[in-house]
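Here is a brief report on one protein model. It covers salt bridges, a loop residue and the nonpolar core.

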Amino acid sequence: MLKGQHIKAGTRLLIAPASRKVFQDALDDGTAQILMNAGATFLTSGCGPCVGTHMGVPGNGENVISTSNRNFPGRMGNPKANVYLSSPAVVAQTMIHGEIVNEQKELTVQ
């Protein structure tokens, strides 16, 4: 969904691969290049983003959309940040548009 696209100015797309192997697979199949071309930043594998220890704790009122598996006030280090959980497809669309959207698109699996 991000191939040939770029994230909206003022947004950050942070990618934390589940493991070194997952990151290597993304390098090997070209996924990492597509994400980097779109403006993504890769983080080291681990739990950092889940608790807000990656590139700083979200600020008061900052909006975060995440593909993590749990959500509760303070989940990413600040109970005054807005954290939304979503699918990778909705996150990709949100990064392009700069707001949470869910356009119904037919995807082709290659």
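## Salt bridges

Arg12 is partly exposed, at 43% relative accessible area (buried is under 20%, exposed over 50%, partly exposed in between; 1.4 Å probe, protein chains only). Arg12 forms a salt bridge with Glu62, with the closest N and O atoms 3.2 Å apart (a side-chain nitrogen of Lys or Arg within 4 Å of a carboxyl oxygen of Asp or Glu). The pair links distant parts of the chain, 50 residues apart. Arg12 sits in the segment before strand E1 (14–15), and Glu62 in the loop between strand E2 (41–42) and E3. Glu62 is partly exposed too, at 30%.

The whole structure holds two salt bridges. Asp25 and Lys21 also meet in one, at 2.9 Å, N to O. They lie four residues apart in helix H1 (residues 20–29), so about one helical turn separates them. Helices (H or I, at least four residues) and strands (E, at least two) are DSSP runs, numbered from the N terminus.

## Basis

This is a predicted model: local features need pLDDT of at least 70, side-chain atom pairs count only at pLDDT 80 or more, and totals for chains, interfaces and linings use all residues. Residues are numbered from 1 along each chain as its sequence is written, and side-chain values use heavy atoms, leaving out hydrogens and water.

## Nonpolar core

The largest nonpolar core has 11 residues, including Leu2, Leu35 and Met95 (buried Ala, Val, Leu, Ile, Met, Phe, Trp, Tyr and Cys residues joined through side-chain atoms within 4.5 Å). H3 gives the largest share of this core, four residues.
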